[in-house]
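Work through the exercises below with the model open. Try each task before reading its solution.

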Amino acid sequence: SVANIGVVGLAVMGSNLARNLASREGNTVAVFNRSRSRTDELVAEHPEAGFLPAYDYEEFAATLSKPRTAIIMVQAGKGTDAVIDELVQVFEPGDIIVDGGNALFTDTIRREKAVRETGINFVGAGISGGEEGALNGPSIMPGGSDESWVTLGPILRSIAAVAEGEPCVTHVGHDGAGHFVKMVHNGIEYADMQLIAEAYDLIRRGTGKSPAEIADIFAQWNKGELESYLIEITAEVLRQVDAETGTPLVDVILDQAGAKGTGAWTVQTALDLGIPVSGIAEAVFARSLSSKPAQRAAASDLPGPSESWKVSDPDAFVEDVRKALYASKIVAYSQGFDEIVAGAQQYGWDIKKGDIAAIWRGGCIIRAQFLNRITEAYAEDAGLVALLTAPYFREALGRTQEAWRRVVVTAAQAGIPSPAFSSSLAYYDGLRADRLPAALVQGQRDFFGAHTYKRVDKDGVFHTLWSGDRSEIETEPSTH
Ligand code: 6PG
């Protein structure tokens, strides 16, 4: 018998994806894992899936119908290269190798180029939604060639999450485009999580409400414009009570946030592209700061505000925080989409921004109501230069910005860190400023390095003779 799709790597994500594939009409799934026991275990546990097990790469290839299509679900990095090397040996031109892990998009570009030499298609596909999503329907962000999409499209559509009747998958763009977009998705995920965490912290410390009470607030928020998976699960996490101590679980979890690197990649890439993803960067740095126990202990007796702080009108404060969260979230998405636009330009991808927002509506970690507004914004104006200037977001920022300012002021006065809230507000005010002190920075650069400047009133490049008579000369641009 033959399979139309195979999965290599049967840890939780791989086996769940294989089960998802097998459960859809028309799919027969070959499975292969480095250790034979894991393959046997999965096949025995899920007889309903009708898996076709393979125990070496030759057998795996022989089990697949042509064009052979295999999804690799192994830990990103060297393991992926090793599996690709093996598959390339047993696959033929026209076959398709899909990497469904969280690979760095530049690795995907490199791999796609190398594999293409053999005539085999290599597709980097971002898959979001964790274990649950892999099993029941993830959001999928595939890159790769148009040829591979002909075969892969129907298969991925069959297993993707469905949002408002549409499968959460689209051909994002060529080579590394899928993994690039998945990376930015994760950066936005980091920002969204940090913003929600700051909202929780401010409400808790400002009003003295318990985690369970704050869970109710988040559950309420989840009925409005903030409706999203992350708000929903936050309420559940806050409601959880530790069985051992009887206290809220959130109070016994060590307050040092981990990270596997995709958020940092988003920021590193943004720095290279010159895109200010400040909200995402603050979210990544907030995790780093939390994970520095020695520095935190050494700094714990540094002075803070002299007066202790409680808000006078808790309900009004909670509503202000909700608005600050919404406004900051708009900034995070706007910055993320700026990075997608810049990446598409840099790497020559034709990425449809509205389609990306649409496939994030279901299955993935950042799924949210709000994404429909982004799709609409790009449908109205595909060349939108900054998402936050689209009519809907303009209106939303207009009605939230004063509350946002009050929250940031209050947080600063109370000594409560709100890096994502405050940096997002600074970004907003920076973008809308008439004049920026960047003019002074240009003056400084010209003073110490003759880096030159342009003028507001005439064309050309200028330099002031700072160490001479301080007259201005017109010059060629400095190469520094
Ligand atoms: C997803 C997630 C998933 C994972 C990330 C973030 O979209 O399903 O983003 O890929 O949770 O790797 O993990 P860290 O928070 O550990 O970096």
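**Exercise 1. The cavity**

What volume does the largest cavity have?

*Solution.* Start with the source. This is a predicted model, in which local features need pLDDT of at least 70 and side-chain atom pairs count only at pLDDT 80 or more, while totals for chains, interfaces and linings use all residues. Residues are numbered from 1 along each chain as its sequence is written, and side-chain values use heavy atoms, with hydrogens and water left out.

Next, the term. A cavity is a set of points, on a 1 Å grid over the protein atoms alone, where a 1.4 Å probe fits but cannot get out. Points are joined across faces, edges and corners, and the volume is the space filled by probe spheres set on them.

The largest cavity has a volume of about 40 Å³. The count of cavities of 30 Å³ or more is 1.

**Exercise 2. The cavity lining**

*Solution.* Lining residues have an atom within 4 Å of a point.

By class, 3 are nonpolar, 3 polar and 1 charged. Here Ala, Val, Leu, Ile, Met, Phe, Trp, Tyr, Cys and Pro count as nonpolar, Asp, Glu, Lys and Arg as charged, and the others, Gly among them, as polar.

Helices are DSSP runs (H or I, at least four residues), numbered from the N terminus. H8 gives the largest share of the lining, 3 residues. H8 and helix H12 (262–273) each supply at least two.

**Exercise 3. The ligand site**

Which residues are closest to the ligand, and which helix gives the largest share of the shell?

*Solution.* Count residues with a heavy atom within 4 Å of the ligand. There are 13, and the closest are Ser128, Gly129, Glu189, Tyr190 and Lys260. Helix H8 (residues 177–207) gives the largest share, 5 residues. The shell has 3 nonpolar, 6 polar and 4 charged residues.

Then check polar contacts (pairs of N or O atoms within 3.5 Å). A polar side-chain atom of Tyr190 is 2.5 Å from a ligand oxygen. For Arg287, a polar side-chain atom lies 2.9 Å from an oxygen atom of the ligand.

**Exercise 4. A salt bridge**

Which residue forms a salt bridge with Arg38?

*Solution.* Look for a side-chain nitrogen of Lys or Arg within 4 Å of a carboxyl oxygen of Asp or Glu. The partner is Glu41, with the closest N and O atoms 2.5 Å apart. Both residues lie in helix H2 (residues 36–45), 3 residues apart, about one turn of the helix. The structure holds 29 salt bridges.

Technical notes. Near = heavy atom within 4 Å. Polar contact = N/O pair within 3.5 Å; in protein donor to acceptor, adjacent residues only side chain to side chain. 1 Å grid on protein atoms, 1.4 Å probe; cavity = no way out; pocket = protein on both sides within 12 Å on 5 of 7 lines; lining within 4 Å.
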